[in-house]
Amino acid sequence: MIDPQLLRDDPDLVRRSQQARRASVELVDEAIAADRERRDAITAFEALRAEQNAFGKRVAAAAKDEKAALVQQAQQLAADVKAAQAVAGEAEARFVRVAGSIPNVIIEGVPEGGEDDFVTLREVGEKPAFDFEPRDHLALGELLDAIDVPRGVKVSGSRFYFLKGVGARLELALMTYALDTALDAGFTPLITPTLVKPEIMSGTGFLGAHADEIYYLSDDELYLTGTSEVALAGFHADEIIDVSNGPLRYAGWSTCYRREAGSYGKDTRGIIRVHQFQKLEMFSYIDPADAEAEHERLLALQEGMLRSLGLAYRVIDTAAGDLGSSAARKFDVEAWVPTQGAYRELTSTSNCTTFQARRLETRHRGESGKTAPVATLNGTLATTRWLVALLETHQRADGSVIVPEPLRPYLRGLEVLEPVA
């Protein structure tokens, strides 16, 4: 949840964040009231418990003929303490419920509004121009015998697919190149679980407005993750970690799953919007004072990947109302998809400040010796969707596709993907 001290010290900041997100401002006042009731209830409980402790000493020191009456009073006092504890517990639960429903407070400068209110920070690279009618990624994938959607549908249903031959090899090349990029930048690789407990999923902020995107195995009480960010955020849950010498950086490789609820009729062709895909995710645990600089660093790594692969792209500062509940700021990097004449998101990177760490109890010890939540950040380096932009951008008239130079070493020197006769 957000910092309770922030609610008390600067409630207007939280209100402005809610307004920018187009979320309930009244929820802030409700949380403030719940916090006040919680603290009052805790104070009352602790006062009664102190009285009980003091009375217990009086009973122990009392003369024998006085003890019977004092014991009766002690029993009544114990009942009062128990009742006060229950009230405090209920007040705590209500505060957690209310405050926990307030999304992270946005960082100053994040655009207000919804999905269409983003700010374009820059456009990079030259959009490809063709002297022939370009094919879309699925047509190319079928010519190359690289993508097989009909058999994916036959085996698993709509929005599933097979990557075959050079398609499978190209994805592995892309993912391995991304992993090497992360390794060169000091990230520790992790192959993460793709099933997580409810408290981990909730702690990362994924069980809010978009919970319907997540697959849930009710018999096992486990969630299938849509990003390794979830497991990576849970990696140091309930721990005090040392970030005094710099951040802890991880690169998680995992299969990801999304229900794509509410996307009926959208991107039904090809592999743009699917239920299962691969992703390499960067994740940083860092001193909150250094979080914004780390955010720029993650973004630079993403942009470097796109530039090296010859993709035209733009970077957008996502509007507050389009942020997930845990993100205080998010940059999307969108590649140009020629046959759609549009930019489509390939990567995003989010600064979640202390929001996730506070929920998951991941702390560091400051100079004073006291513990405080760390900041967490995440950013995607590669996903299956990248194949869409790669195939379409680097296609030739005969249906062949030029392999970007950085990927060739991972494909045994293959320079061109050729159509299968």
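The structure is a prediction, in which local features are reported only at a pLDDT of at least 70 and side-chain atom pairs only at pLDDT 80 or more, while totals for chains, interfaces and linings use all residues. Residues are numbered from 1 along each chain as its sequence is written, and side-chain values rest on heavy atoms, with hydrogens and water left out.

**Overall form**

The protein has 12 helices and 18 strands, where helices (H or I, at least four residues) and strands (E, at least two) are DSSP runs numbered from the N terminus. Along its principal axes, the C-alpha trace spans about 105 × 45 × 40 Å. Of its 421 residues, 48% count as buried, a term that stands for under 20% relative accessible area, with exposed meaning over 50% and partly exposed lying in between (1.4 Å probe, protein chains only). Among contacts (heavy atoms within 4.5 Å) between residues at least 6 apart in sequence, 73% join residues at least 24 apart.

A search of the whole structure finds 2 cavities of 30 Å³ or more. On a 1 Å grid over the protein atoms alone, a cavity is a set of points where a 1.4 Å probe fits but cannot get out, whereas a pocket is an open set with protein on both sides within 12 Å along at least five of seven lines, and lining residues have an atom within 4 Å of a point. Grid points are joined across faces, edges and corners, and a volume is the space filled by probe spheres set on the points. In the classes used below, Ala, Val, Leu, Ile, Met, Phe, Trp, Tyr, Cys and Pro count as nonpolar, Asp, Glu, Lys and Arg as charged, and the others, Gly among them, as polar.

| Space | Volume | Lining by class |
|---|---|---|
| Largest cavity | about 50 Å³ | 8 nonpolar, 1 polar, no charged residues |
| Second largest cavity | about 30 Å³ | 8 nonpolar, 1 polar, no charged residues |
| Second largest pocket | about 340 Å³ | 12 nonpolar, 4 polar, 4 charged residues |

The largest cavity is lined by Ala-146, Ile-147, Leu-163, Val-166, Gly-167, Leu-170, Leu-387, Leu-391 and Leu-417. Helix H7 (166–184) and helix H12 (386–393) each supply at least two residues of this lining, and H7 gives the most, with 3 residues. Around the second largest cavity stand Leu-170, Leu-390, Leu-391, His-394, Val-401, Ile-402, Val-403, Pro-404 and Leu-417, with H12 and strand E17 (401–402) each supplying at least two residues of the lining. H12 itself is mostly covered, since 8 of its 8 residues are buried, among them Trp-386, Val-388, Ala-389, Glu-392 and Thr-393.

**The second largest pocket and helix H10**

The second largest pocket is lined by 20 residues, of which Leu-6, Asn-104, Val-105, Thr-353 and Thr-354 lie nearest its centre. The elements that give two or more residues to its lining are H10 and helix H11 (355–360). Helix H10 covers residues 291–308, and its 18 residues reach 26 Å from the first C-alpha to the last, close to the 26 Å expected at 1.5 Å a residue, the expected span being 1.5 Å times one less than the number of residues. The buried residues of H10 include Ala-291, Glu-294, His-295, Leu-298, Leu-299 and Met-305. Just after H10, Gly-310 takes a positive phi of about 70°.

**Gln-276 and the cysteines**

Gln-276 has its place in strand E10 (residues 276–286), and it counts as partly exposed because its relative accessibility is 32%. Although Gln-276 and Thr-255 are 21 residues apart in sequence, they are 6.9 Å apart in space, C-alpha to C-alpha. Not counting residues up to four places away in sequence, Gln-276 touches Phe-160, Tyr-161, Thr-255, Cys-256 and Tyr-257.

A disulfide is a covalent bond between the sulfur atoms of two cysteines. Here a disulfide is taken as a pair of cysteine sulfur atoms within 2.5 Å, and by this rule the count comes to 0 disulfides. Cys-256 is in no disulfide, and the nearest cysteine sulfur, that of Cys-352, is 16 Å away. Cys-256 counts as buried because its relative accessibility is 0%. Cys-352 is also buried, with a relative accessible area of 1%, and its sulfur is too far from that of Cys-256 for a bond because 16 Å separates them.
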